Structure formats: structure tokens, C-alpha cells
Amino acid sequence: KCPYCHGGDKHDKNTFAVNSTTGIYNCKRSSCNARGNMFTLARDFNFKLSEDVQRYYNIDNYNGKFKKFREKYIESKDEAVKYLKSRGISEDICRKYEISVKDKNPNILCFPFRDDKNVIRFIKYRDMSYQKGVSSGNKEWCENNCMPILFGMNHCKSRETLVITEGQLDSLTLAECGIENAVSVPTGMNGFTWIPHCWDFVNSFKEIVVFGDCENGKVTLADTISARFPKKTRIVQEIDYNGF
């Protein structure tokens with residue numbers, strides 16, 4: 001029944017229609033004709049929409065809480081260049097993507113995340129001296145209160161194919177191979193808070209290729225991205241990982 005008129009005197013059913021894509025609704029009963037969208041419905045019946053919706057539409061200035069960074073070109077330092085070279089990534093790519101190290105700790109690699117308007121929204125750190133099972137603390141972490149976005153958005157040129165990887169070194173490796181439309185997620189395989197902030201950007205591409213890590217016969221990121229985005233999505237096959 002329509003939640004506004006409750007079907008009238010005859011308690012009519014199946015008169016309330018909701019578009020599952022846009023969220024626009026209306027009552028087909030002419031004496032009611034209630035209409036609106038998910039925002040008016042949430043207002044009228046006092047329920048909260050999801051955090052994703054709050055992020056996407058910036059409801060109540062939701063995105064105003066995120067940290068703002070001083071805009072400048074970040075100079076890549078020698079320690080960052082040396083480390084990326086050890087991972088097969090050239091100095092040109094290192095400087096192009098502004099990969100550097102902390103001023104007070106040259107062992108901490110810094111990845112600036114710029115959006116498609118070239119604004120820094122997110123910064124991630126990596127301990128280059130970290131040894132699994134030996135080092136204490138975390139190998140990677142991010143600046144507090146940042147807006148989560150995809151790394152490499154500002155370097156995407158055409159709107160044909162977008163390749164999404166799990167780690168920043170993965171997307172930088174693809175850039176080294178000449179694939180400019182390569183991005184990586186900010187907080188690993190289980191972090192998807194970036195989706196509302198990158199929704200329009202990702203949907204501007206004709207197709208998505210998911211090139212996550214291959215673990216236990218599954219490619220990370222693949223299930224969620226293919227389910228959440230209404231775009232043609234292709235997934236790198238397990239055989240092409242050559243056992244890695």
C-alpha cells in the first residue's frame with residue numbers, strides 16, 4: 001500500500017511505484033498522487049539513507065569534514081626513486097606520480113592521491129623497511145580524515161578502459177608498462193568507501209578491468225566492483241597471473 005494514503009477507503013494495493021534505478025516514486029491513485037524520491041521519503045518517514053548516499057550527495061555537508069591539503073607539486077626525493085627502481089618502476093614514473101618520502105623519516109614512502117581535477121584528497125604511507133614477521137606496527141597506513149579516492153585518477157586520459165588494481169605499486173607498474181588509465185584503491189581489498197566519491201569518474205569509462213591480487217583462486221575487488229558498478233566489467237583470469 002502507498003505509505004501516504006494507505007490505499008484510501010478501499011485499501012488499494014500495488015499502487016505505489018518506485019523506480020529501482022533512480023529512487024523516484026509516485027502513487028498511482030489520482031486522489032493521492034504522492035511523488036518524490038528517496039530524500040523526500042527519508043524526510044517524511046524519518047529514516048536515514050546509507051552512508052554512501054550521504055557521501056555522494058554531500059548531505060549536511062558530509063564531505064566538509066575531510067582534511068584539505070595545501071596544493072603544490074610534490075618533489076620526488078632520491079630515497080623514493082631508489083625504492084621504486086628496486087620494484088621495476090622508473091624515475092620518470094616516480095616523479096610523474098609525485099611519489100616521495102617523509103621529510104623527517106626517509107624510510108616512509110608517500111603516495112599523494114589526486115582526483116580527476118588534480119586536487120589532493122588522500123595521502124597514504126608505506127614503511128619501506130617493513131619486514132613481515134619481524135617489524136612491529138603497520139606496513140601501510142593513511143593520513144587521518146582524508147577523502148578516500150582512487151590513486152592515479154589525475155593521470156587517466158581517455159574514457160575507454162579503466163584498470164583498477166589493489167595496490168599503488170600495482171597501478172604504478174601498469175603505468176610503467178604504458179597503461180595510463182590504471183588506478184588503485186586506497187585502503188585495500190575490503191575498503192570500498194571510495195566508491196561514492198569516485199562514482200561519476202568510474203562511470204565515465206566505457207568498461208572496467210579489475211586487476212586485483214589473485215588469492216585462493218579469486219581476484220580481489222572483482223565481486224564488489226562488478227556488482228556495484230553498472231558498467232561492462234572484465235576480470236583478469238587466474239591463469240594469467242602465472243602462479244603469482
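**Stop 1: the rings**

Searching the whole structure turns up 16 aromatic pairs. Rings of Phe, Tyr and Trp (its six-membered ring) pair if their centres lie within 6.5 Å; planes under 30 degrees apart count as stacked, over 60 as edge-to-face and the rest as tilted. Before you click, note that this is a predicted model: local features need pLDDT of at least 70, side-chain atom pairs count only at pLDDT 80 or more, and totals for chains, interfaces and linings use all residues. Residues are numbered from 1 along each chain as its sequence is written, and side-chain values use heavy atoms, with hydrogens and water left out.

Select Y4 and Y25. Their ring centres are 5.9 Å apart and their planes are at 20°, so the pair is stacked. Y4 sits in the segment before β1 (16-18) and Y25 in strand β2 (residues 25-27), so this pair links distant parts of the chain, 21 residues apart. Helices (H or I, at least four residues) and strands (E, at least two) are DSSP runs, numbered from the N terminus. Y4 is partly exposed at 29% relative accessibility, while Y25 is buried at 1%. (Buried means under 20% relative accessible area, exposed over 50%, partly exposed in between, with a 1.4 Å probe and protein chains only.)

Next, select Y125 and W141. With centres 6.0 Å apart and planes at 35°, the pair is tilted. Y125 belongs to strand β6 (residues 120-127) and W141 to strand β7 (residues 140-142), so the pair ties together parts that are 16 residues apart in sequence.

What lies over the face of Y125? K102 does, at 4.5 Å from the ring centre. A charge sits over a ring if NZ of Lys or CZ of Arg is within 6 Å of the ring centre and within 35 degrees of the ring normal.

For a group view, select Y97, F111, F113, F122 and F151: they form one aromatic cluster.

**Stop 2: the sheet**

Switch to cartoon view and look for an open sheet of four strands in the order β9-β8-β10-β13, with parallel pairing. Two strands pair if DSSP finds at least two bridges between them. At the edges are β9 (182-184) and β13 (232-235), each pairing on one side only. Zoom in on strand β10 (residues 207-211), which pairs with β13 over four bridges. There, E207 stands opposite K232 in β13.

**Last stop: a helix**

Finish with helix α5 (residues 168-176), where the buried residues include L169 and L172.
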